[in-house]
Amino acid sequence: MKKKAVMIILTLCAAVAMTACGGKAGMAEMQDTTAAEESAEADAQAEAEAVAPTVDEDAVETEQTGEDALENEESFEEIEIGADGSVNGQEFPMIDEAVRSQDKSDAYGVYSISCYDLDQYLDEEGYMQSDIASADNFYYEYTGRWAYPKITPCRFFGGLVLASRTDFSSDYRSTDTETGNGLSFNICSGKDYYNSMKQGTGSDAEVSEMAFTIQTMDGSSDVMHEYREIMLLNDKDENEEALDALEEVIYGFDVYCFAVGNFTVTLQPDAGTKLTQEDVQLIADNIRLTNGMER
């Protein structure tokens, strides 16, 4: 946006009749006209200088506001959702082949489109009924008896992939488009894991803690936090060169857990990456319960 400058243009018209016989009179009239013109120009310059600072400040403010609006508009336009649910021309989420092989909806003849169909398989506290949870196929197949929440686009779901889906959970991996950090998360059926984390709050072992509270589409949820460490054996150094012997490396990572309806959401960002309340809130805003009737 270009700054708008205030320009004051003065047009002075002087008709001076110059003849050989009236030379002195004409010269006097010209001098009077020139003096008047110079005086008018001086007044105009003073007026312009007096007005200029206020106008420039307004112009700068207008320019900045316009630039901010343009940036917001460009940021919004980065996510283009197609009529088929695609995001920026790509399938959203992208479906891993494992998901297709795990889907046994045809075998069961059930094709639920509602998250609330899960409720009939839970007790009052949100725990999965034991006969369902102990079934051989619970961790390996998706029967289609209930639908999982829908994921809508946000900065944390760049390149979102649905890597696995069973009756136990839907597992995803994605990238934070602002930082490039990876995020793995799953949505589990029932509140078994969430309840167990809450019961560990404030224990001597300090396994978990309540980090903060967020709003979900059906109310609010405490966000549980755990710090975990795992040991891996590396056969290469940081330059990807082979080591003479395996090297033990300890990786620390954070886990965040909250509930949306009767589903448990567990977030695991890359090692060394922490999520703020605002980060988790944005993620929760884009995990939506569905009854299959939304438009």
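Begin by selecting Ile151 in this predicted model and display what surrounds it: beyond its neighbours within four places in sequence, Ile151 is in contact with Phe92, Phe157, Leu160, Tyr172, Phe185, Ile187, Asn286 and Ile287. Widen the view to the largest nonpolar core, which has 37 residues, and in which Ile151, Phe157, Phe258 and Leu267 touch the most other members. To see which elements build this core, colour S3, strand S5 (182–189), strand S6 (209–216), S8, S9 and helix H6 (277–285), each of which gives two or more residues to it. Another core lies apart from that one; it consists of five residues, including Met197, Met224, Cys257 and Ala259.

Met197 leads on to helix H5 (residues 192–199), whose buried residues are Tyr194, Asn195 and Met197. Look down the axis of H5: the buried residues fall within an arc of 160°, and therefore line one face of the helix.

For the last stop, turn to the largest pocket, which has a volume of about 610 Å³. Which residues lie nearest its centre? Select Pro93, Tyr148, Pro149, Lys150 and Arg165, which hold that position among the 25 residues of the lining. Strand S2 (150–151), strand S3 (158–165) and strand S4 (169–175) each supply at least two residues of this lining. Coloured by class, the lining of the largest pocket shows 15 nonpolar, seven polar and three charged residues.

Methods: Residues are numbered from 1 along each chain as its sequence is written. This is a predicted model: local features need pLDDT of at least 70, side-chain atom pairs count only at pLDDT 80 or more; totals for chains, interfaces and linings use all residues. Side-chain values use heavy atoms; hydrogens and water are left out. Buried means under 20% relative accessible area, exposed over 50%, partly exposed in between (1.4 Å probe, protein chains only). Helices (H or I, at least four residues) and strands (E, at least two) are DSSP runs, numbered from the N terminus. The arc is that of the directions from the helix axis to the C-beta atoms. On a 1 Å grid over the protein atoms alone, a cavity is a set of points where a 1.4 Å probe fits but cannot get out, and a pocket is an open set with protein on both sides within 12 Å along at least five of seven lines; lining residues have an atom within 4 Å of a point. Grid points are joined across faces, edges and corners, and a volume is the space filled by probe spheres set on the points. Ala, Val, Leu, Ile, Met, Phe, Trp, Tyr, Cys and Pro count as nonpolar, Asp, Glu, Lys and Arg as charged, and the others, Gly among them, as polar. A nonpolar core is a set of buried Ala, Val, Leu, Ile, Met, Phe, Trp, Tyr and Cys residues joined through side-chain atoms within 4.5 Å. Contact means heavy atoms within 4.5 Å.
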